[in-house]
Amino acid sequence: MTFLAPHRLLFGLDPERAHRLAIWALAHVPLPPPPAVDPRLSVEAFGLAFANPLGLAAGMDKNGEAPGALLRLGFGFAEIGTVTPLPQPGNPLPRLFRLTKDEAIINRFGFNSEGHARVHERLTAFLAGARRKGVIGINIGANKDSLDRAEDYVKGIHAFADCADYFTINISSPNTPALRDLQQPLALDDLVVRALAARDAEAERHGRKPVLVKIAPDLTLSELDAIVKITCARKVDGLIVSNTTLSRPSDLQDPQAREAGGLSGKPLFDLSTRMLAETFVRVENQFPLIGVGGIDSAETALAKIEAGATLVQLYSGLVFQGPGLVRRILGELPRLLTARNYPRLVDAVGAAAVDRVSEKI
């Protein structure tokens, strides 16, 4: 994957090496100015202003090496991470697989991270040296061998309170053993209470930063009910729906579909969008949602919004369509809004959620 040459040229390389080359290029090669954006696409959510609803999902820039370049591609916001307190290598190689026939990715990275200190150093240098246009989120996680994983999230909030616009608590990656157990009611409630207390403790110095929770698409509806009940009661600022899936649709064609790890890309769209709609009808507008999973066009982006997302994120779509995907989506969304009689993008939020919940997938 590369942003500065035809992206398919790098498909002959090992996927992780291609990813590293893309990050290097973003950090070092000048990019054209970001595209002009129709004002109908602007969004306010979590107390933040977004020029457009399209964000880069966590996983692309894990260590904060190219946030300015990512925003310059046209994203309204970019999420850095997942970042763990201490550096850790993640899972053994190979751990990233392109399912080219399916336009999908399987990864089992396991929170490979350079750690809080190094990422914070980069982000503070970026903020000091450049005037950015766009929102920066920090996706925080726990070290694999941590004895108190909830405390690792608390450390993340303290570490980045001075430079994050918002935080994402990532408890839904399938690649760290037992991490998804933090989605269970008692563990989740304890984690949320401690994370919000850390946020509030930093608010006087650095302002109140929104805290979001990222959930899995593989939850049962009863598990989702419990998550929504806790996050609403504790006044979390939002949910991100969803992370990668451990499931494998029966129509996958690529032989690498048998690899272990989380599946993202086109095959995740239906499952994640159904989970998004299920979440939207349960939340009842108590906080906004970010929709993630399988976005590869303006049509799929708008479908997420109609299913209940106020904002959307993508990543895997860039692998198969290149950086021009961002401009195409931003250019085509206004036409779709007009065709569907939405005065502004925010008028589309949740418009088809009930219909999506009733669909069979």
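This is a predicted model: local features need pLDDT of at least 70, side-chain atom pairs count only at pLDDT 80 or more; totals for chains, interfaces and linings use all residues.
Numbering starts at 1 along each chain as its sequence is written, and side-chain values use heavy atoms, without hydrogens or water. Local features need pLDDT of at least 70, side-chain atom pairs count only at pLDDT 80 or more, and totals for chains, interfaces and linings use all residues.

**Stop one: a covered strand.** Select residues 238-241, which form strand S10 (strands are DSSP E runs of at least two residues, helices H or I runs of at least four, numbered from the N terminus). Gly238 and Ile240 on one side, and Leu239 and Val241 on the other, are all buried, meaning under 20% relative accessible area with a 1.4 Å probe, protein chains only.

**Stop two: its partners.** Ile215 has Val241 as its bridge partner. On S10's link to S12 (residues 289-292), there are three bridges, again parallel, and Val241 stands opposite Gly291.

Lys62 is in the loop between S3 and H2. Is Lys62 buried or exposed? It counts as buried because its relative accessibility is 12%. Its contacts (heavy atoms within 4.5 Å) beyond four places in sequence include Phe109 and Val119.

**Last stop: Asn175.** Look in the loop between S8 and H5. Asn175, at 10% relative accessibility, counts as buried too, and among the residues it touches are Asn91, Phe109 and Gly261.

Conventions: Buried means under 20% relative accessible area, exposed over 50%, partly exposed in between (1.4 Å probe, protein chains only). Two strands pair if DSSP finds at least two bridges between them.
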